Amino acid sequence: MEQLWGLLQGAKRLSPGPSQTIYKHVEGTQQGRLQEDEEDGEEVAEPPAHFCPMELRGPEPLGSRPGLQNLGLWAAAGRRATPYLVLMALLIFTGAFLLGYVAFRGSCQACGDDVLVVSEDVNYETSLDSHQGTLYWSDLQAMFLRHLEEGSLEDTIRQTSLRKRVAGSAGMASLAQDVRAALLRQKLDHVWTDTHYVGLQFPDRAHPNTLHWVDAAGKPGEQLPLEDPDVYCPYSATGNATGELVYAHYGRPEDLQHLRARGVEPTGRLLLVRLGLISFAQKVASAQDFGARGVLIYPDPADFSQDPHKPGLSSHQAVYGHVHLGTGDPYTPGFPSFNQTQFPPVQSSGLPSIPAQPISADIASLLLRKLEGPVTSQEWQGQLPVSPYRLGPGPGLQLGVNNHRVSTPINNIFGCIEGRSEPDHYVVIGAQRDSWGPGTAKSAVGTAILLELVRTFSSMVSNGFRPRRSLLFISWDGGDFGSVGSTEWLEGYLSLLHLKAVVYVSLDNTVLGDDKFHAKTSPLLISLIENILKQVDSPNHSRQTLYEQVAFNNHSWDAEVIQPLPMDSSAYSFTAFAGVPAVEFSFVEDGQVYPFLHTKEDTYDNLHKMLQGRLPAVAQAVAQLTGLLLIRLSHDHLLPLDFGRYGDVVLRHISSLNEFSGDLKARGLTLQWVYSARGDYIRAAEKLRKEIYSSEESDERLMRMYNIRIMRVEFYFLSQYVSPADSPFRHIFLGRGDHTLGALLDHVRLLRSSGSKALGTASSGVAPVLAFQESHFRRQLALLTWTLQGAANALSGDVWNIDNNF
């Protein structure tokens, strides 16, 4: 080693200094050529900030360089030290390369036109094809729209709506095979099927449901014709129910309270209620809470469009709808219905104990003519050929329901494009495949859009796109029985999905009109939806984006567009049960509902006529909106979920509670703990936002840590203090049960109401309470406060970062 050191020192004395090649312009006749200079010094020169056109010049002629008189001695020393010099050169080269790479990365924004600068909102993806280069947001947007336009969305809608596809039927099995085959033809990483064995209820062909007049002695008399024996209410209680008939408007709790206030008691009677405003299940649950014996549900023409240029529902058509106040298989509540699984015989608490049956407008007219008693208010009047509507009671009726339960296999079909950087995080897109009737608006449109999105993203993958996170496309079965397929899948993989599912996007009921656009969603997605609406053209307003259309007459666009998730949406279970933010888009008619939903008249022709030929354009707009949303959710380095929005949600609810602060204070009670928990959540959200703002987006490890905290915000609002088996919808804002903020507000309202005005399940999902109970209030307040505080603590990150007022 000493000999090597001596040789190197001798070489250093003989050499004029370390040789470094400096590239620079050569003036005059040498312009545009390279000149090599030798530069003395110990330190490596900084790389030039800008690169200019240049060419390479050959070596200088022998003898023109200083120090050549000692060439012989230098060569002799060099031969002895060659292996060591080569090793040293390699080490120096490697270090210089790494140093130069870091310096170049740090200064790329100063490189002018040589390097494109990517802003925070313009995310990019490196193409798998090295010849294609970098894909920017505008490139991805153009690529997506180009491939989407190559599809045949309208034909797929038409063909799907022509197929019979009741859950468990042979037609559904055939369609399931075709959907699976369509996924296998695309460039997907995984395609598979999950089968569940669920309890579904069907009408008994040998013993159809009946409706009879009852004479004064209580014996059944003349039978009223139920025009279509196929129309029924799945999960209705079976048996006979007899009682006088009462008209109860929409069957909401406030409607039944109004009946009592007018001196008409619903207890012990059959209720005639109109379709709309709340679900079939909520109508039956309210009737049951008020002691009714049965429910008849009919469509009133007043609730539908009277435009003579648009088709209307036939007066002899009844409307289908399940009456399970919940989702999934009601005979395995909280548990998945896989084959060979054994659970104790238990039923969902959401199953009604009274029978229910849909009837047509024609049958409802016959019944209303028989009613006596007070005339209804103008608000309760409808447009049947009966004038005026009366509350009743009327003659006695006997309703007989003979539906029977059948163990039925259903199949959910999955296709997956694996993510590049975060493959274990899933962006989930689903559409109901089954339908009781033709189901064009209910499920054919959604299924067609799902298949087109699969084809489009598969084509994008073939052209170099690879999402950061996995895209999971799902075709659900059993949707018409209460989102059975989607809920059973959630129940089967709940412990996994709350850690891995980022967002769920539902394609059900997307096209029910074309006048207005609604997004039923979690607050976390509102800001992203606003951004995407500004990039999608309106299907019926030329030269306007969807955002400009909805905000044209509304200063607050979200008040016009954003709605809470309803229980009859497949997206509801993802948020309220699994804690995954979800969204369901819908184009609807202005002020009127689509009249053919859940009827045998929900055909392609009727939907096409309702939209006056704009069905393809509206469906294409939904596909564009959904696709761009999926690109952002699967592609952005940082998940575009607005976790600070829930602070505003809490504030709105607290404002409702503030109205009763004086009543509570008089009893020695306070809401201070809720205020403190809300403040902690706001501070935690702001702190996380500042951390993200000051961090480096290129730090993959740090971005993943932030994304995990962001994607679990929705899960934080699931109450950890109630059992998923007893209270499956544990979300304190969207759920149902004693732990929810809605239940707390209902209880506090009892401070100013009489005991006869108890609120029932339709509002908050708890048993009616007749009077304010302090101990019950304290328990509700504790459940709510500690769930909210837990969300604040979890958003703070590590335990040493938690700073709260408790």
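Predicted model: local features only at pLDDT ≥ 70, side-chain atom pairs only at ≥ 80, totals over all residues.

Me: Why is Phe144 called buried?

Reply: A residue is buried under 20% relative accessible area, exposed over 50%, and partly exposed in between (1.4 Å probe, protein chains only). Phe144 has a relative accessible area of 0%, and is therefore buried. Phe457 is likewise buried, at 0%. Across the protein, buried residues make up 52% of the 806 residues.

Me: What makes Phe144 and Phe457 a tilted aromatic pair?

Reply: Rings of Phe, Tyr and Trp (its six-membered ring) pair if their centres lie within 6.5 Å; planes under 30 degrees apart count as stacked, over 60 as edge-to-face and the rest as tilted. The centres of Phe144 and Phe457 are 5.7 Å apart, with 45° between the planes, and the pair is tilted. It links helix α3 (residues 137–148), which holds Phe144, to helix α9 (residues 440–462), which holds Phe457, across 313 residues. Helices (H or I, at least four residues) and strands (E, at least two) are DSSP runs, numbered from the N terminus. Phe457 also forms a tilted pair with Phe465, at 6.4 Å centre to centre and 45° between the planes. The structure holds 29 aromatic pairs.

Me: How do you know that Lys534 sits over the ring of Tyr547?

Reply: The criterion is that NZ of Lys or CZ of Arg is within 6 Å of the ring centre and within 35 degrees of the ring normal. Lys534 lies over the face of Tyr547, at 4.8 Å from the ring centre. The charged end of Lys370 is 5.8 Å from the ring centre of Trp213 and sits over that ring.

Me: Why are β5 and β9 called edge strands?

Reply: Two strands pair if DSSP finds at least two bridges between them. The open sheet of seven strands has mixed pairing and the order β5-β4-β10-β6-β7-β8-β9. Its edge strands, β5 (220–223) and β9 (356–358), each pair on one side only. Two bridges join β4 (residues 210–214) to β5, and these strands run antiparallel. Within this pairing, Val214 stands opposite Pro220 in β5.

Me: What makes helix α10 largely enclosed by the rest of the structure?

Reply: Eight of the nine residues of helix α10 (residues 484–492) are buried, so the helix is largely enclosed. Among them are Trp489, Leu490 and Glu491. The buried residues of α10 pack against β3 (190–202), β11 (404–417), β13 (469–476), α11 (494–500) and α15 (570–576), where contact means heavy atoms within 4.5 Å.

Note on methods
Residues numbered from 1 in each chain as written. Heavy atoms only, no water.
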